[in-house]
Amino acid sequence: MAYIQLEPLNEGFLSRISDLLLCRWTCRHCCQKCYEASCCQSSEDEVEILGPFPAQTPPWLMASRSSDKDGDSVHTVSDVPLTPRTNSPDGRCSSSDTSKSTHSLTRRISSLESRRPSSPLVDIKPIEFGILGAKKEPIQPSVLRRTYTPDDYFRKFEPRLYCLDSSGDDVDFLTDEEILSKYQLGMLHFSTQYDLLHNHLTVRVIEARDLPPPISHDGARQDMAHSNPYVKICLLPDQKNSKQTGVKRKTQKPVFEERYTFDIPFPEAQRRTLLLTVLDFDKFSRHCVIGKVSVPLCDVDLVKGGHWWKALIPSSQNEVELGELLLSLNYLPSAGRLNVDVIRAKQLLQTDVSQGSDPFVKIQLVHGLKLVKTKKTSFLRGTIDPFYNESFSFKVPQEELENASLVFTVFGHNMKSSNDFIGRIVIGQYSSGPSESNHWRRMLNTHRTAVEQWHSLRSRAECDRVSPASLEVT
C-alpha cells in the first residue's frame, strides 16, 4: 500500500502526528525522510510503509481522533477526494495544501483503525536482533585462565629458596667472616687489573688458605689428610675460554702466584663476572669442587686494580668438565673414504699433578657392533690445551656408511702404568649425544666438504649407557 508523501508541520498537534508517522516512512526515490525530499518534486511522489502499524494506537492519538470526528462528523473517507499536491512558484508547498494533506491522512488512519478488530494492549519492547531460539545471556568479558594440575603447582616450588644452607642470594648480604664461619671452605687471595694500552685483563691468582680436607665418595682416594688444589678462572657468561693453574700437591695452604690475561675490550670486561673455582685433584677418581668466588667486574675499578681475600662458597657444579675436542669430518663417495681431522683440544682434565697431562686421542671405527680399525694421535707433553692437526682416513663403502660409528677417546699418557682416561665421545650410528648426531648428519648432507665442530667430552659410564659402540672399545 502506498501513501502520498507529506511535508512536516512545525506547529502544534499536527506536528506531533507527522513526527510519529513519518519516522516509519521513507521516500522510495531518494531514500530520505519525506520532509527532506528535495530531489523528488514530482506530483506522483509516494512513500511506502516499511513496517506494520502498532498493535494499539496511542491514547493521545485516540483522543485527538475522537475530537476530530465530533467537529466534522458529516464527512467520510470516500467524500474526501485525493488531490495532487500543487507547488508554489518558488518550489515550496503552500500552507493550505499542507493542511489538506494532513487532514486527509488523519481520516485514512481513522478509517483503518475503525475497521481493525480491537486487540488487547501489548507492551512493545525495542527490537533486538539475534539468533532465533538462542538463550539470552548477559555478555561479560572473558578472562583466560589456565588450569593447573598438582604437578604444575609443585613444579613451581623451588626448595632452594627454603633451604637454610642455601648458597643463593643471602650470601650477598653476608661478610667474608660470616661466610667463612658458615661454610668453612677457606679463603682465596687474588687480584685484577685492566691494561688500557694492550686491551687485556690480567687476573693474578696468589694463594689460598684454610682449605677443607678432601672428600672421597667412592673410597678410592689414598691420602685423606691433604688436598691437591688448583684454580680454574673464567669470565662469565663465557665458560669455554677458561684458564687453569697448576696443581699444588698435599697442602691446605697452596701458593700459586700465577698470572693470566684475557683479551677483551674494556666495555665488555665491565659486563663480565670473574669466576674463580678451587678444585681438588684426584688421579683415581673425579676431581672435586671445593668452592668458588664470583666478582662482578662492574663493581671493581679495573684500571686502578686491586687485590682481595674472598671466602669460598659452595658451588652447584659438583662435576668437573672433562674438556672439549675440535674435530673435522669429510666423506668422499667416489673413493669410499671417511677422512677425520683431529685439530685440537682445550681445558682437558689434568691427569698428572706435577706436569699437567700428556694427552693423546684414540680413534676407533666400529661397524655395527664390531670394532674394525684403531688409530691414535701423538701425545703432547705437559699441556691441557694440545694442538694436533693430524688427519686419518678410513675405508668405508657408501652402503656401509649409515652403520658406521667413530669412537674418540682422550687419554693422558702414562709411562709407568696404564693410560689415564680423560673423556670420550661417539659420532655416527650410535652417537653419544645430540651434538654428535648433528655433526654426523651435517657430514652426510655435505659430501666432499669438511665439517668442523667442537664436542664436550663425556665420561666412560655416560657413553656406555647411551651408545652400544662405546661398549665395544677399550
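In what order do the four strands of the open sheet stand? The order is 7-6-9-10, with antiparallel pairing. Here two strands pair if DSSP finds at least two bridges between them, and strands (E, at least two residues) and helices (H or I, at least four) are DSSP runs numbered from the N terminus.

This is a predicted model, in which local features need pLDDT of at least 70, side-chain atom pairs count only at pLDDT 80 or more, and totals for chains, interfaces and linings use all residues. Residues are numbered from 1 along each chain as its sequence is written, and side-chain values use heavy atoms, with hydrogens and water left out.

Next, select residues 229-236 and 273-280, where eight bridges join strand 6 to strand 9 in antiparallel fashion. At L236, look across to T273 in strand 9, which stands opposite.

**Helix 7**

Select E436, H439, W440 and M443, which are buried in helix 7 (under 20% relative accessible area; exposed is over 50%, partly exposed in between, with a 1.4 Å probe and protein chains only). Seen down the helix axis, the buried residues fall within an arc of 95°, so they line one face of helix 7; the arc is that of the directions from the axis to the C-beta atoms. The face turned away from the buried side carries the exposed residues P434 and N445.

Finally, show strand 12 (324-332), strand 13 (337-346), strand 17 (404-412), strand 18 (420-428) and strand 19 (451-456): the buried residues of helix 7 pack against these, with contact meaning heavy atoms within 4.5 Å.
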